[in-house]
Amino acid sequence: MEANGTEEIKKPLLQPPSDSVAITIPEPVHNFDKKTRKYIPKLVTAKKLKETIEDAGFPVDEFPEQEIAVCRLQIKGMACTSCSESVERALQMVNGVKKAVVGLALEEAKVHFDPNLIDTDDIIEAVEDAGFGADLISSGNDENKVHLKLEGVNSLDDVKIIQSSLESVEGVNHVEMDLMENKVAVTYDPDLTGPRSLLHCIQETGGSSKSYQAILYVPPRRRETERQHEIEMYRNQFLLSCLFSVPVFIFSMVLPMLHPFGDWLEYKIYNMLTIGVLLRWILCTPVQFVIGRRFYVGSYHALRRRSANMDVLVAMGTNAAYFYSVYVATKALTSATFEGQDFFETSAMLISFILLGKYLEVVAKGRTSDALAKLTDLAPETAHLLTLDSDGNVISETDISTQLLQRNDMIKIVPGEKVPVDGIVIDGQSYVNESMITGEATPITKRPGDKVIGGTVNENGCLIVKATHVGSETALSQIVQLVEAAQLARAPVQKLADKISRFFVPAVVLVALITWMGWFIPGALGLYPRHWIPKGMDKFELALQFGISVLVVACPCALGLATPTAVMVATGKGASLGVLIKGGNALEKAHKVKTIVFDKTGTLTVGKPEVVSVMLFSSVSMEDFCNLASTAEANSEHPIAKAVVEHARKLSQGSGSNTEYFAEAREFKVHLGAGVSGKVGDKMVLVGNKRLMKTYDIPVYSEVENYISENEQLARTCVLVAIDGKVAGAIAVTDPVKPEAIRVISYLRSMGISSIMVTGDNWATARAIAKEVGIEKVVAETDPLGKAEKIKDLQMKGNTVAMVGDGINDSPALVAADVGIAIGAGTDVAIEAADVVLIKNNLEDVITAIDLSRKTISRIRLNYVWALGYNILGLPVAAGILYPFTGIRLPPWLAGACMAASSVSVVCSSLLLQSYKKPLQVQVTQGQTPQPTST
């Protein structure tokens, strides 16, 4: 690209293929023309171009709004909270970065940035400048992206031909060529094209002169690859360090006590330098400077950022031991009388134990995302693609990769196979096991018209399914994306660790210095008995050992891992149970909930109203009455309207009547919260509640009132039908209560949580439903905004409120609540308004969400007890507070082992959440009736 004589620059990964902006500039003669101008984002912005044109006296139309791009990075080299904060600060200081979140346990960063100012290379460079490694995991336009391996490409011209051909395909947004590997990555709009169309395009590009081929290429999962590489690296470094440090330990601690090896090691080579000291020096040096190089690198970058982390503590402690030992060895070499104790074994063993701890920690951390990995692996690799003729008959069947499926494809699913993508059953009947997605153990019957979810298992029948959601749009992909985002989000309780980490390492260094002075100065002044000093040491060496132990025993890593590892395990476990929790913030709020507000229709009730009785109050026939009512209701999406239409259809089929049907109601109008109205033929029909009748001044006589009252006492909703200004009849509709509702409300009461029902239905029906399920507080005849106001009133009284709704009509209330719980989301898992998404339409999962949040927060607190308690107890012992009374002291190498053990213990503590069981499920398996129990 040439712009103002500047050579082509690298295009940002998240930008469209061309750095250009199209604007409409009216000419002076009023002839509108569309001008396209190329520009370099790093030199000038599109907004500046617009302002310049307007300053010249020309208005600018069709100016494109600049979107904020998002990318995810794998961060390497983070050891503790101080590291993650350093990466976050480095990213936020980059011009163009709008928001950056770094997760320590996940070892990832999510960055929101302006692609007109920076690209992903700049972001990676900023991370590397801060002293950490970074790899791009995904960018914002990766949601519908296919990777292809090219064959028959032999020159640059071939590459340009293929790229140009792909860019000309409708729906292709971006083409990224890899010339070295002959690979291409194409970002596309699934509504317009798909992977198979792109493969076909490449094959047709060559024509008769050239033959190009392309096959699907699946890039390796970078996170798993990096994790495995990290595990192998720490394992190899630990084993290599043991190769040197174990002999050092034996030469220092074991052989001196065994005859004649002890005498041999004490043999003086020159002056006071012995064979044992020389061997320990030789063996320790590779451990200190080759294997321990990572601690020097980490310390350098940390100090350059004016911060301190675990690497600084380890480097200071090992350097103090190593260089003092070098001083002792050098002094022994040059003096015929000097006697001193070296600490080479301290340096070598300390590094070995820390590497062992890091190895165990990385292995344990890898298990925290096991649930997420299992979800990712649910989708099958291949699918049976059907080709149909115009009459719907199967012409051919082909096995293709699941990643090549496109929207509206027809696929066959035989018994025992997994459903490859989300879709709708077109033909066949079967039972589908959805437990891996929803947590529901009972197989679900699937018939034509029912939805199926990718990753679920077809059990006993053959199904023909039409694909509706593919790639990143499937429920499985959205669940994985939601859980990954939740694991990256920082919980408020994490702030404690963040605050401590800012002064933790400097404070430990200060304590170590005070410890050394506190032992050395009194020793020099003779303030404590000489027998306190171990044989072979002097007061300086004793003080130095205590100071080094303080440096290496402190562990900021355990504090940093306490919250994110627990959140990772909990969100992954929740996802496997059909409960999607959007991060640590939602977890922390959910455990405080004391009041839950339930919607009625579709939440406490099944959500499928049925007509149970019809009463006429005029001379119109039953069939005409139902036909008129159903025609008026046909355009309404309300569940009650659908029940009326369905009842009329069944009535007509049952009678076999040929009564005239009116195609559509004219002048149709929806009256929010009241009903509908419209002209059916030459008649004006109103269908709704008493409020609608009052609006049109239609009298409701006593016999109608009595019918309404009788049905409302039975928890039924009455729909009045007025024809030409008179109430012609009433329809009683019931929506049965969910079978688990009574048990759930009772269990919540035992958990100390009060339940309230809010509904737009009438008071009598609402009270009857509430009485049936055991809810005492009811708010009825309210609109969606009224539900949100009720929640705000409860919050004003100091309550932490959760709202349970279907995630559609209840969006204002879900947003207003402290915790919004969308129930029965099915395949629509990306509900922005909710903090918790329940895939199944089962109220028991409300209890699971609250109980899991309580268990998780308790686990986080226990982790903090482990981490803080370890440091609070370990530091005084390392400083020698027990030594004068008991003779117990903590050698530096043992202090390093303790430090490593603290991180591993915190991660293992979080892993115990993987054994979580649903509370109501536990009661059933124990043979108890699922009645509430005290908690």
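Guide: Two strands count as a pair if DSSP finds at least two bridges between them. Strand β15 (residues 410-413) and strand β21 (residues 463-469) meet that rule, with four bridges in the antiparallel sense. One of the residues involved is Met-410, whose bridge partner in β21 is Lys-466. Keep in mind throughout that this is a predicted model.

The pair belongs to a wider arrangement. Six strands make up an open sheet, and their order is β14-β13-β15-β21-β16-β19. The pairing in this sheet is antiparallel. At its edges are β14 (394-401) and β19 (451-452), each of which pairs on one side only. As a general point, the strands of a sheet pair through backbone hydrogen bonds, either parallel or antiparallel.

A second open sheet is built from three strands in the order β18-β17-β20, again with antiparallel pairing. Here the edge strands are β18 (444-446) and β20 (457-458), and each pairs on one side only. Strand β17 (residues 430-433) is joined to β18 by three bridges, and the two run antiparallel. Within that pairing, Val-432 has Ile-444 of β18 as its bridge partner.

The loop between β20 and β21 is the place to look next, and Glu-459 is found there. What does Glu-459 touch, leaving aside its neighbours within four places in sequence? The contacts are Pro-415, Gly-416, Ser-430, Tyr-431, Asn-433 and Pro-443. Asn-433 is 26 residues away from Glu-459 along the chain, yet their C-alpha atoms are separated by 6.8 Å. Glu-459 has a relative accessible area of 37%, so it counts as partly exposed.

Now for the rest of the chain. It has 935 residues, and 52% of them count as buried. There are 31 helices and 34 strands. Of the contacts between residues at least 6 apart in sequence, 69% join residues at least 24 apart. The accessible surface comes to about 42,800 Å², and carbon and sulfur atoms account for 56% of that.

The largest nonpolar core has 155 residues, and the members that touch the most others are Leu-73, Ile-75, Leu-91, Ile-596 and Phe-598. Helix α28 (residues 844-878) is the element that gives the most to this core, with twelve residues.

Helix α28 has 35 residues. From first C-alpha to last, α28 reaches 50 Å, close to the 51 Å expected at 1.5 Å a residue. After α28 comes Gly-880, with a positive phi near 90°. Thr-856 is one of the residues of α28. Its relative accessibility is 0%, so Thr-856 counts as buried. Beyond its neighbours within four places in sequence, Thr-856 is in contact with Ala-566, Ala-570, Leu-587 and Leu-913.

Leu-91, already named among the core residues with the most contacts to other members, has its own set of partners. Leaving out neighbours within four places in sequence, they are Val-97, Ala-100, Val-102, Ala-109, Val-111, Ile-123 and Val-127. Ala-100 and Val-111 also face each other as bridge partners, the latter in β5. Strand β4 (residues 97-103) is joined to β5 by six bridges, running antiparallel. These two strands form a hairpin with four residues between them, and Glu-107 in the turn has a positive phi of about 55°. Strand β5 (residues 108-113) also pairs with strand β3 (residues 69-76), in the antiparallel sense over six bridges. There, Val-70 has His-112 of β5 as its bridge partner.

Strand β23 (residues 595-599) pairs with β30 in the parallel sense over five bridges, and Asp-599 stands opposite Val-758 in β30. β30 also pairs in the parallel sense with strand β31 (residues 777-779), over three bridges, with Ile-756 opposite Lys-777. Together β30, helix α25 (residues 763-773) and β31 make a right-handed β-α-β unit. Four of the five residues of β30 (residues 754-758) are buried, so this strand is largely enclosed by the rest of the structure.

Definitions and conventions:
Residues numbered from 1 in each chain as written. Predicted model: local features only at pLDDT ≥ 70, side-chain atom pairs only at ≥ 80, totals over all residues. Heavy atoms only, no water. Core = buried A, V, L, I, M, F, W, Y, C linked by side-chain atoms within 4.5 Å. Buried < 20%, exposed > 50% of the residue type's maximum accessible area, 1.4 Å probe, protein only. Contact = heavy atoms within 4.5 Å. Areas by Shrake-Rupley, 256 points an atom, 1.4 Å probe, with all protein chains shown as cover. Expected span 1.5 Å × (residues − 1). Right-handed = clockwise from strand over helix to strand, strands pointing away.
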